[in-house]
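Let's walk through this model together, one question at a time. Have the viewer open as you read.

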Amino acid sequence: MKSVKIENVSKKFGQIHGVKDLNLHIKAGEFFTFLGPSGCGKTTTLRMIAGFYYPTEGKILFDDLNVTKLQPNKRNIGMVFQNYALFPHMTVDENIAFGLQVRKLPKAEIKQKVDRIRGLVHLSQYGKRKINELSGGQQQRVALARALVIEPDILLLDEPLSNLDAKLREETRIEIKRIQSELGVTTIYVTHDQMEAMSMSDRIMVMENGNIKQIGTPQEIYNRPSNRFVADFIGETNLIEATIDAVNGDDIQVKTANGLVLTGRKQQSSLTLTHMIGDKAFISIRPESINQGTGENTLTGKITFVEFTGVSVNYIVECIDFSLKVMIINMNGELKKIGEEITLNIAQDSLYFFRE
Ligand code: ATP
């Protein structure tokens, strides 16, 4: 396993900027995910790491080796594509063995490696099956086995689950994570699905328009988003625009357009000391961190939507100058109805502040 360093990398396609001045250090053995909406530059970045594209500017290093202009087959990478790219008329074993035959390994060694990796992806009984006789999930595991059998320094996965149905996606997600932690191979995973990214990754890079919006662990990205884009893209949130009204010790007090005052904590903030009273700020409040009843930051509003999911009750509450998505997990008492008033409180620790 190797680390991957991306230094000041840009990729232009004519006038289009695929990625802009990217700087990134993926540690050896890490499960690292590129996450973002369509067109944000995830695949372009992955393809530059694989060697299918060369950067217009900048350097890519595997450990200390500069691979910026190295051919893909010289990089010792394993790659799994969205459509698996398997040979449909060949058997499972022939597909898995392909990379080893290209490397001209002895037959006995190929067999031993193929058997081992087929077991690892739980396809022990399927060696002689043709690819077109397998389910989508099984084909995905063959693709994974084929990428892993060459013992790559880095495993690259480009939206590998997007052709599977929801249930299989969830099962395969767990499988990929298990295999990755068993082998400890540095893994770079591309997805636009935030659940996939959150559940599998050691760290996530959120991208937009060829730029990095934030890099962090799933918990950091979810609980401490650095900007509106990340807060909104990851999970459900309430984004409220306000003006900084006062800073008292560890507290930040903001006021919304219609005069609602909310207080949060300085450490729950990506604002810096240059942000002054009177400046605009945005606040992210997760629906599940809003509680019913009075407490810190008490406010009232009228219910415009009610949904009982079994696990939670979800409300939309029209407040003084914004509407709040609220998710009550431990409900005490009756379900409220549309049109009723509700009193809510938001713990100061549950407000997260940022500039833009
Ligand atoms: P998706 O999730 O849809 O695959 P992505 O985040 O992987 O999207 P990229 O494929 O990396 O996005 O594309 C980033 C930008 O570069 C987009 O604006 C895209 O149109 C452009 N782009 C990518 N490949 C090429 C190419 N070969 N020629 C021209 N423009 C390209």
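Q: Which residues of helix 2 (residues 92-102) are buried?
A: A word on the model comes first: this is a predicted model, in which local features need pLDDT of at least 70, side-chain atom pairs count only at pLDDT 80 or more, and totals for chains, interfaces and linings use all residues. Residues are numbered from 1 along each chain as its sequence is written. Helices (H or I, at least four residues) and strands (E, at least two) are DSSP runs numbered from the N terminus, and a residue is buried if 20 or more other C-beta atoms, placed from the backbone, lie within 10 Å of its own, exposed if 12 or fewer, and partly exposed in between. By that count, the buried residues of helix 2 are Val-92, Asp-93, Asn-95, Ile-96, Ala-97, Gly-99 and Leu-100.

Q: What covers the buried residues of helix 2?
A: Cover is judged by contact, meaning that C-beta atoms placed from the backbone lie within 7 Å of each other. On that basis, the cover of these buried residues includes helix 3 (107-120) and helix 4 (136-148).

Q: Which residue just after helix 2 takes a positive phi?
A: Look just past the end of helix 2 for a phi of about 60°. The residue there is Lys-104.

Q: Is strand 8 (residues 186-191) covered on both faces or on one?
A: Six of the six residues of strand 8 are buried. Thr-186, Ile-188 and Val-190 lie on one side, with Thr-187, Tyr-189 and Thr-191 on the other, and all are buried. The answer is both faces.

Q: How many bridges join strand 7 (residues 154-158) to strand 8?
A: Two strands pair if DSSP finds at least two bridges between them. Strand 3 (residues 31-35) runs parallel to strand 8 with five bridges, and the partner of Phe-31 there is Thr-187. Strand 7 is also parallel to strand 8, with Asp-158 opposite Val-190, and the number of bridges joining them is five.

Q: What is the hand of the β-α-β crossover from strand 7 to strand 8?
A: The chain passes from strand 7 through helix 5 (residues 166-183) to strand 8. A crossover is right-handed if, with the strands pointing away from the viewer, the path from the first strand over the helix to the second runs clockwise. This one is right-handed.

Q: Why does Glu-30 count as buried?
A: Glu-30 is found in the loop between strand 2 and strand 3. Not counting residues up to four places away in sequence, Glu-30 touches Thr-186, Asp-202 and Arg-203. Glu-30 is buried because the number of other C-beta atoms within 10 Å is 20.

Q: Which helix gives the most to the shell around the ligand?
A: A residue is near a molecule if its C-beta atom, placed from the backbone, lies within 6 Å of it. The residues around the ligand include Phe-13, Lys-42 and His-192. Strand 2 (16-26) and helix 1 (42-50) each supply at least two residues of this shell. The most, three residues, comes from helix 1.

Q: What distance separates the centres of domain 1 and domain 2?
A: An automatic or database domain assignment gives the bounds, dividing the chain into domain 1 (4-229) and domain 2 (236-354). Five residues of domain 1 are in contact with six residues of domain 2. Taken over C-alpha atoms, the centres are separated by 39 Å.

Note on methods: Contact = placed C-beta atoms within 7 Å.
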